[in-house]
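Subject: Handing over a structure

Hello,

Here is the structure I promised to pass on to you. Please have a look at it first, and then read my notes below.

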Amino acid sequence: MSKLNKVAIFPGSFDPFTNGHEDIVLRGLQIFDRIVIAFGHNSNKTRYFDLDMMLEKVRANFIHLPNIEVIIFDELTALLAKRYKANFLLRGLRNTTDFEYENSISQVNRYLNDGLETVFLITSPKYAAISSSIIREVHKYGGDVSSFIPYRL
Ligand code: ADP
């Protein structure tokens, strides 16, 4: 496989996209030629932060990096990867809870799309405690979340 073929999908809810997510993307660029940040859109699930607003913030955040694409998807991640000719999924791991969950979804994704490899990057210690759910909670009660996200809300 030529190096130019190394495309990874970084799927997630990104509600909101955090410094921890940004760190995974930037480190992922040392491994992959192109990374597609894919916002999972599940119409049955309500988001806290507006999807289109968040998409625009993340697009603007990476505007200087032409090998980063930001999209919304509403299908199985394994099939999205096929459509994008991506052989890799990129995910971050913070702790054993992440591991338990990631372990099973990566098995299912490989079952659905033979050869699809999930590559895990261990969180950088300074971002290990950052989670979208905690940011939502802080924001809901009027707290300042600016030091957890790479853009202005
Ligand atoms: P999902 O709802 O699919 O779990 P998230 O938006 O919560 O989506 O997370 C997307 C990916 O980013 C997951 O692999 C998650 O483990 C990882 N991630 C989330 N926060 C961090 C962080 N602070 N450091 C490293 N990885 C993270």
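What follows is a short tour, from the whole chain down to single residues.

First, some ground rules. This is a predicted model, in which local features need pLDDT of at least 70 and side-chain atom pairs count only at pLDDT 80 or more, while totals for chains, interfaces and linings use all residues. Residues are numbered from 1 along each chain as its sequence is written, and side-chain values use heavy atoms, with hydrogens and water left out.

**The whole protein**

You will find five helices and five strands in the protein; helices (H or I, at least four residues) and strands (E, at least two) are DSSP runs, numbered from the N terminus. Starting at the N terminus, their order is β-α-β-α-β-α-β-α-β-α. The radius of gyration is 15 Å, close to the 15 Å that the globule rule gives for 153 residues, so the protein is as compact as a globular protein of that length. That radius is taken over C-alpha atoms, and the globule rule is 2.2 Å times the number of residues to the power 0.38. Along the principal axes, the C-alpha atoms fill a box of roughly 50 × 35 × 35 Å.

Of the 153 residues, 42% count as buried. Here buried means under 20% relative accessible area, exposed means over 50%, and partly exposed is in between (1.4 Å probe, protein chains only). The accessible surface comes to about 8800 Å², and 53% of it belongs to carbon and sulfur atoms; these areas come from the Shrake-Rupley method with a 1.4 Å probe, and for residues only the protein chains shown count as cover.

Val7 lies in strand β1 (residues 7-12) and is buried, because its relative accessibility is 6%. Not counting residues up to four places away in sequence, Val7 touches Arg34, Val36, Tyr84, Lys85, Ala86, Asn87 and Phe88.

One of those partners, Lys85, deserves a look of its own. Lys85 is in the loop between α3 and β4 and has a positive phi of about 50 degrees although it is not a glycine. At 65% relative accessibility, Lys85 counts as exposed.

Phe14 also has a positive phi without being a glycine, with a value near 50 degrees. This residue sits in the loop between β1 and α1, and Phe14 is buried, with a relative accessible area of 3%. In that loop you will also meet Pro16, and the peptide bond from Asp15 to Pro16 is cis, with omega near 5 degrees.

Ser13 has its place in the loop between β1 and α1 too and is partly exposed at 44% relative accessibility. Leaving aside neighbours within four places in sequence, Ser13 is in contact with Phe39 and Arg47.

**Helix α4**

Helix α4 (residues 96-112) has 17 residues and reaches 24 Å from its first C-alpha to its last, close to the 24 Å expected at 1.5 Å a residue; the expected span is 1.5 Å times one less than the number of residues. Which residues of α4 are buried? They include Asp98, Glu102, Ser106 and Asn109. The buried residues of α4 pack against α3 (77-83), β4 (88-93) and β5 (117-122).

Arg110, also in α4, is partly exposed, with a relative accessible area of 33%. Beyond its neighbours within four places in sequence, Arg110 is in contact with Gly115, Leu116 and Glu117.

**After α5**

Leu153 lies in the segment after α5 (132-140) and counts as partly exposed at 45% relative accessibility. Leu153 and Lys57 are 96 residues apart along the chain, yet their C-alpha atoms are separated by 8.2 Å. Lys57 is among the contacts of Leu153 outside four places in sequence, together with Phe49, Met53, Met54, His139 and Val145.

Note on methods
Contact = heavy atoms within 4.5 Å.
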